[in-house]
Amino acid sequence: MLDFGAVSIEWRTLIFQLIFFLLPLILAIVSIFKVTNQSKAKQHAIEVLEKRVEALEQVLRSKRP
């Protein structure tokens, strides 16, 4: 128990409040980071595929008589 003169807080109540109020905030932040990382990874994969397609198109153009 934390004792602040006339006000005291029990540990169970304090832990419950921290979990209840901080957990949704932490989950929101983690989900935002996950979505941004996934979109960056998808964009990188798209760029790599575009480079491969461009290289294949150049090979096809060079082989034509």
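**Reading an aromatic helix**

Reader: Let's start with Phe21: is Phe21 buried or exposed?

Author: Phe21 is exposed, as its relative accessible area is 56%. The labels work like this: buried is under 20% relative accessible area, exposed is over 50%, and partly exposed is in between, with a 1.4 Å probe and protein chains only. Keep in mind that this is a predicted model, where local features need pLDDT of at least 70 and side-chain atom pairs count only at pLDDT 80 or more, while totals for chains, interfaces and linings use all residues. Numbering runs from 1 along each chain as its sequence is written, and side-chain values use heavy atoms, with hydrogens and water left out.

Reader: In what order do the elements of the chain run?

Author: Helices (H or I, at least four residues) and strands (E, at least two) are DSSP runs, numbered from the N terminus. Here you get 1 helix and 2 strands, in the order β-β-α from the N terminus on. Of the 65 residues in the chain, 2% are buried.

Reader: How do I read aromatic pairs, and how many are there?

Author: You describe a pair of aromatic rings by the distance of the centres and the angle of the planes. Rings of Phe, Tyr and Trp (its six-membered ring) pair if their centres lie within 6.5 Å; planes under 30 degrees apart are stacked, over 60 edge-to-face, and the rest tilted. That rule gives 2 aromatic pairs. Phe16 and Phe20 are stacked, at 5.8 Å centre to centre with 20 degrees between the planes. They sit 4 residues apart in helix α1, about one turn of the helix. Phe20 also pairs edge-to-face with Phe21, at 5.2 Å and 80 degrees. So Phe16, Phe20 and Phe21 make one aromatic cluster. Phe16 counts as exposed because its relative accessibility is 54%.

Reader: Which side chains meet in a salt bridge?

Author: For a salt bridge, look for a side-chain nitrogen of Lys or Arg within 4 Å of a carboxyl oxygen of Asp or Glu. The whole structure has 1, between the side chains of Glu57 and Arg61 (3.7 Å, N to O). Glu57 and Arg61 are 4 residues apart in helix α1, so about one helical turn separates them. Glu57 is partly exposed at 39% relative accessible area, whereas Arg61 is exposed at 54%.

Reader: And which residues make the nonpolar surface patch?

Author: Leu18, Leu22, Leu25, Ile26, Ile29, Val30 and Phe33 do, over about 650 Å². Leu25, one of them, lies in helix α1 (residues 11–63) and is partly exposed at 48% relative accessibility. Patches take residues with over 30% relative accessible area and no salt bridge, joining like charges within 9 Å and nonpolar side chains (Val, Leu, Ile, Met, Phe, Trp, Tyr) within 5 Å.

Note on methods: Accessible areas come from the Shrake-Rupley method with a 1.4 Å probe; for residues, only the protein chains shown count as cover.
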